[in-house]
Amino acid sequence: MVAAMPPPLDPATLLNFTPADRHVLDVVRTGAAALSLVGSAFIVLCYLLFKELHKFSFKLVFFLALSDMLCSFFSIVGDPSNGFFCYAHDYSAQFFCVASFMWTTTIAFTLHRTVVKHKTDVEEFGSIFHLYVWGTSLAMSILRTIGSDYGRPGIGCWIQPASTGKVAHLITFYGPLWSAILYNGFTYYQVNRMLNNATRMAVVLGDRSNQLDMRADRKAVNRWGYFPLILIGSWAFATINRIYGFLYPGHKIFWLSFLDVGFAGLMGLFNSIAYGLNSSVRRAIAERLELWIPERVRKVFPTFSRQRDIQPENELVSLIVEGQK
């Protein structure tokens, strides 16, 4: 999951802060991006190294992590003193951050289609997902240029003070973000409601095996359900800060900007912890470590053996699709 980094605060806002405040915000932004970069790169590496993770459900998480990783990388390397890098920084950060939001909706769609609609054809949507995610990200990046002076060196690379550019920013960045949050939240609600109904039906019929299956499914759904919560937690302060800056240009709230860059920059790290470190990944890592750790050491630290012996979590999407082929 994954390292999304927020676009830098707009220059009009930064100019209202003291040099010390700007330095603090820059350190927080860079530090958060670095942590998310490491977290998302770890998930990408695990997917590339462990063939047992090459399931459709985890493949979606891989592309989410890849988008987050690239978003953080370009956010870190952006150089406002160089016009070319500033230009590349703007477009790349916008493109991959929006792509990250869109990948979460593909996961929600897959879960809904599998659980609620009882369809087993989700893997056939792979090409459509790519067209949808990368196409939407490209369109938003192009529309983002409306009213914006890209590539002009200065305090910040993202958006120049023109009100038209600020409106375009809200529409092309925060529009996809909150659309994804609403869609994911509604989808998770429907899936959760259906599992509740199925569990109650199993209780009424006295089907204990079905009850156990429903509990396992609920555990898997609860993991997927973190996606909208992570998006909300990561970008709530950023959204408030942008709206406040639009309504009251020239005003500064340092603590809000601090929370803005900090929480948004950590989204990739949150994703990597919530979704990357599942039992399947831990088990794959433990199996590889046992090849290098002497047996006498494993006896001293039995955790490795326990991680190897655990069964992969009931990844709802993968099990239903693969179980009916």
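Biologist: Which residues form one aromatic cluster?

Modeller: This is a predicted model, in which local features need pLDDT of at least 70 and side-chain atom pairs count only at pLDDT 80 or more, while totals for chains, interfaces and linings use all residues. Residues are numbered from 1 along each chain as its sequence is written, and side-chain values use heavy atoms, with hydrogens and water left out. Rings of Phe, Tyr and Trp (its six-membered ring) pair if their centres lie within 6.5 Å, and planes under 30 degrees apart count as stacked, over 60 as edge-to-face and the rest as tilted. One aromatic cluster is formed by Tyr47, Phe58, Phe62, Phe63, Phe73, Phe74, Phe95, Phe96, Trp103 and Trp134.

Biologist: How many aromatic pairs does the structure hold, and what is the distance centre to centre between Phe109 and Phe125?

Modeller: The structure holds 21 aromatic pairs. Phe109 and Phe125 form one that is edge-to-face, with 65° between the planes, and their rings lie, centre to centre, at 5.2 Å.

Biologist: Is Phe125 buried or exposed?

Modeller: Buried means under 20% relative accessible area, exposed means over 50%, and partly exposed lies in between (1.4 Å probe, protein chains only). Phe109 has a relative accessible area of 26% and is therefore partly exposed. Phe125 has a relative accessibility of 17%, so this residue counts as buried.

Biologist: What is the angle between the planes of Phe237 and Phe263?

Modeller: Phe237 and Phe263 form an aromatic pair with 5.4 Å centre to centre. Phe237 is partly exposed at 26% relative accessible area, and Phe263 is partly exposed at 33%. The pair counts as tilted, and the angle between the planes is 40°.
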